[in-house]
Amino acid sequence: MTEAAALLSLQDLDLRLLKLASSLAKMPQQARLKTIELARKKVAAELTGIIGQRKDAQIEIEETEAELAHYREKSAEVQAQADSGALTHRELRDYERQLTSLAKRIEKCEFALGPAHERLERLERAERNARRTEERIESERAATQASLDEGSKSIRAEIVSLSRAREAAAAELSAEHLAAYEAARKRFRGLAVERLNGNVPSVCRVKLQPSQFHDLSHGDEITECPYCHRMLITSEEGQE
């Protein structure tokens with residue numbers, strides 16, 4: 001295979017690969033997977049927030065219960081001291097003030113625990129719901145991915161086959177021509193190579209001046225179009 005033929009073959013393979021990649025990207029499962037991923041991220045972010053709030057609620061309850069236990073223990077100690085023996089009127093009033101103060105703190109803690117437990121229950125329920133939603137999303141993602149894998153088997157198999165053929169075609173080119181092709185392919189979105197049909201390049205279709213046509217006809221088989229700057233094959237090889 002000549003370099004000109006290899007160059008045309010390489011471009012044809014790349015255009016076919018582009019078309020296959022486009023077909024693969026346009027499969028409905030691809031769009032569904034993107035939607036599922038957005039939903040997964042949203043639920044994951046919500047779950048992270050819920051878990052943080054749930055931990056805060058648990059800590060709040062633990063701290064309140066610890067305070068409650070402390071105040072109850074302290075109240076029992078003060079009551080024991082008050083019951084320990086004969087007390088002066090002043091001592092009795094002091095114990096009564098301490099017990100009253102402790103009773104208020106105990107009541108405050110007990111009152112706070114009710115709403116705190118309710119808030120914890122709501123958060124635990126929200127966490128369970130979020131985790132179930134995560135499971136449903138993952139199940140849907142797995143099913144959609146399996147559907148995509150099954151539906152795209154033939155496309156992916158053809159991509160593998162064409163990719164191997166592309167490697168073989170690229171190996172037929174010199175390093176210089178391969179580098180020029182890759183640069184032109186990116187610049188012109190796949191249409192990097194054109195052929196000279198008479199005195200007209202096949203892609204840009206700008207008629208060459210007689211002097212330009214003469215120079216190209218007597219130059220290298222693979223050159224550059226003076227107008228669009230694509231790679232230009234001046235020989236008739238490979239033309240239908």
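Q: Where is Arg125 placed in this predicted model?
A: In this predicted model, Arg125 lies in helix H3, which covers residues 89-151.

Q: Why is Arg125 called partly exposed?
A: The relative accessibility of Arg125 is 42%. Buried means under 20% and exposed means over 50%, with partly exposed in between; Arg125 therefore counts as partly exposed.

Q: What makes Arg125 part of a patch of positive charge?
A: Arg125 gathers on the surface with Arg122, Arg128, Arg132 and Arg136. Lys and Arg count as positive, and like charges are joined within 9 Å when the residues have over 30% relative accessible area and no salt bridge.

Q: Why does Ala179 count as partly exposed?
A: Ala179 is found in helix H5, residues 175-187. Its relative accessibility is 48%, and exposed would require over 50%, so Ala179 is partly exposed.

Q: What makes Leu191 partly exposed, and which patch includes it?
A: Leu191 sits in the loop between H5 and strand S1 (193-197). Its relative accessible area is 36%, so Leu191 is partly exposed. Together with Leu15 and Leu18, Leu191 forms a nonpolar patch on the surface, with about 230 Å² of accessible area together.

Q: Which pattern do the helices and strands follow along the sequence?
A: The protein has 6 helices and 4 strands, in the order α-α-α-α-α-β-β-α-β-β.

Q: Why is the protein called more spread out than a compact globule?
A: Its radius of gyration is 40 Å, whereas the globule rule gives 18 Å for 240 residues; the value is well over the rule, so the protein is more spread out than a compact globule.

Terms used. Residues are numbered from 1 along each chain as its sequence is written. This is a predicted model: local features need pLDDT of at least 70, side-chain atom pairs count only at pLDDT 80 or more; totals for chains, interfaces and linings use all residues. Side-chain values use heavy atoms; hydrogens and water are left out. Patches are made of residues with over 30% relative accessible area and no salt bridge: like charges are joined within 9 Å, nonpolar side chains (Val, Leu, Ile, Met, Phe, Trp, Tyr) within 5 Å. Accessible areas come from the Shrake-Rupley method with a 1.4 Å probe; for residues, only the protein chains shown count as cover. A salt bridge is a side-chain nitrogen of Lys or Arg within 4 Å of a carboxyl oxygen of Asp or Glu. The place of a charge is taken as NZ of Lys, CZ of Arg, CG of Asp or CD of Glu. Helices (H or I, at least four residues) and strands (E, at least two) are DSSP runs, numbered from the N terminus. Buried means under 20% relative accessible area, exposed over 50%, partly exposed in between (1.4 Å probe, protein chains only). The radius of gyration is taken over C-alpha atoms; the globule rule is 2.2 Å times the number of residues to the power 0.38.
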